[in-house]
Amino acid sequence: MINPKKVAFQGEPGANSHLAIREVYPKAEALPCATFEDAFAAIASGEADLGMIPIENSIAGRVADIHHLLPHANLHIVGEHFLPIHFNLMAPKGATLKTIKSVESHIHALGQCRRFIRKHNYKAVIAADTAGAARHISEANDVTRGALAPKLAAEIYGLDVLAERVEDEDHNTTRFVILSREQTHAKPNSGLIVTTFVFQVRNLPAALYKALGGFATNGVNMTKLESYMVEGNFFATQFYADVEGHPEDKNLVLAFEELSFYSKEMKILGVYPAHAFRATFEEAAD
């Protein structure tokens, strides 16, 4: 969907997910949702045309719950977006770096800005999320309290930005998947394609090794493979995977045939164009 009218996200206005929506669909209305389940429900019901959902972060790893929700949501991945994450210190008008005594944000944001917090001897206060922290700071109107959040939050809540990009690392990036009610696969031979799927292997010796062998022998690049327990069962493990290629490509057809032979369940979640950010991936030298 090139021009969605409304895109759902989890969080409060001004969150990184909101910023991602602005970058990809600048004309769309962003629909804030309290939980990921609420965001998924908004897409499924038609209240929102699409959803912008974070799935992993280069520092914090995978986003909890998403892998469990995706396989059963009856939604489809139709795109991806990579967003560089920057944290900015913001506070009510009149505040300065010297008046600030405490900074509030999500626990991951606080952890990723340790050096800045330590340098200024601020007290770190955990909040539910970054944009929510900015809203609380705006409502409190206390020049001794600041928030670490995306710059968009300062714009929305009328805060002054006292320091920009205060994160410890400059490679902090979040990957989002764009979800739709409708299954829309990218066309074959239309550039680099990513296919996302989940599967469960049969209870056989070396089943996972054999199931993945087809990707190696057919030259399919698997860029992501994660495992997680199904419904808390130690004996039921599901795997989430991303591969480069289209399901109609001959090498991927053969790889999926071998996978299905050793799997009791396999489901494609999306076939979509790779984001341009993938071209920047570099393997570290030995």
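In the predicted model, I59 is found in the loop between strand 3 and strand 4, where helices (H or I, at least four residues) and strands (E, at least two) are DSSP runs numbered from the N terminus. Residues are numbered from 1 along each chain as its sequence is written. Because the model is predicted, local features need pLDDT of at least 70 and side-chain atom pairs count only at pLDDT 80 or more, while totals for chains, interfaces and linings use all residues; side-chain values use heavy atoms, with hydrogens and water left out.

I59 counts as partly exposed, at 38% relative accessibility; buried means under 20% relative accessible area, exposed over 50%, and partly exposed in between (1.4 Å probe, protein chains only). Leaving out residues up to four places away in sequence, I59 touches Q112, E169, H171 and N172, a contact being heavy atoms within 4.5 Å. The C-alpha atoms of I59 and T173 are 7.7 Å apart in space, although the two residues are 114 residues apart in sequence.

The chain comprises 9 helices and 15 strands. Its radius of gyration is 21 Å, close to the 19 Å that the globule rule gives for 286 residues, so the chain is as compact as a globular protein of that length. The radius is taken over C-alpha atoms, and the rule is 2.2 Å times the number of residues to the power 0.38. Along its principal axes the C-alpha trace spans about 65 × 45 × 35 Å. Of the 286 residues, 49% are buried. Among contacts with a separation of 6 or more, 74% are between residues 24 or more positions apart.

In soluble globular proteins, nonpolar side chains tend to be buried together. The largest nonpolar core has 30 residues, of which M52, V103 and L148 touch the most other members; such a core is a set of buried Ala, Val, Leu, Ile, Met, Phe, Trp, Tyr and Cys residues joined through side-chain atoms within 4.5 Å. At least two residues of this core come from each of strand 1 (6–10), helix 1, strand 3, strand 5 (76–84), strand 6 (88–91), helix 4, helix 5 (114–119) and strand 11. Beyond its neighbours within four places in sequence, M52 is in contact with residues including V7, F9, I21, H81 and F176. Another core, of 25 residues, lies apart from it and includes A39, I77, Y228 and Y240.

The largest pocket holds about 650 Å³ of space. On a 1 Å grid over the protein atoms alone, a pocket is an open set of points where a 1.4 Å probe fits, with protein on both sides within 12 Å along at least five of seven lines; lining residues have an atom within 4 Å of a point. Grid points are joined across faces, edges and corners, and a volume is the space filled by probe spheres set on the points. The pocket is lined by 27 residues, with Q10, P54, V63, H106 and H108 nearest its centre. Strand 3 supplies the largest share of the lining, 3 residues. The lining divides into 11 nonpolar, 12 polar and 4 charged residues (Ala, Val, Leu, Ile, Met, Phe, Trp, Tyr, Cys and Pro count as nonpolar, Asp, Glu, Lys and Arg as charged, and the others, Gly among them, as polar).

Most residues other than glycine have a negative phi. N74, in the loop between helix 3 (66–69) and strand 5, has a positive phi near 55 degrees and is exposed, with a relative accessible area of 57%. N141 lies in the loop between helix 6 (130–140) and strand 9 (145–149); its phi is positive, near 50 degrees, and N141 is exposed at 56% relative accessible area.
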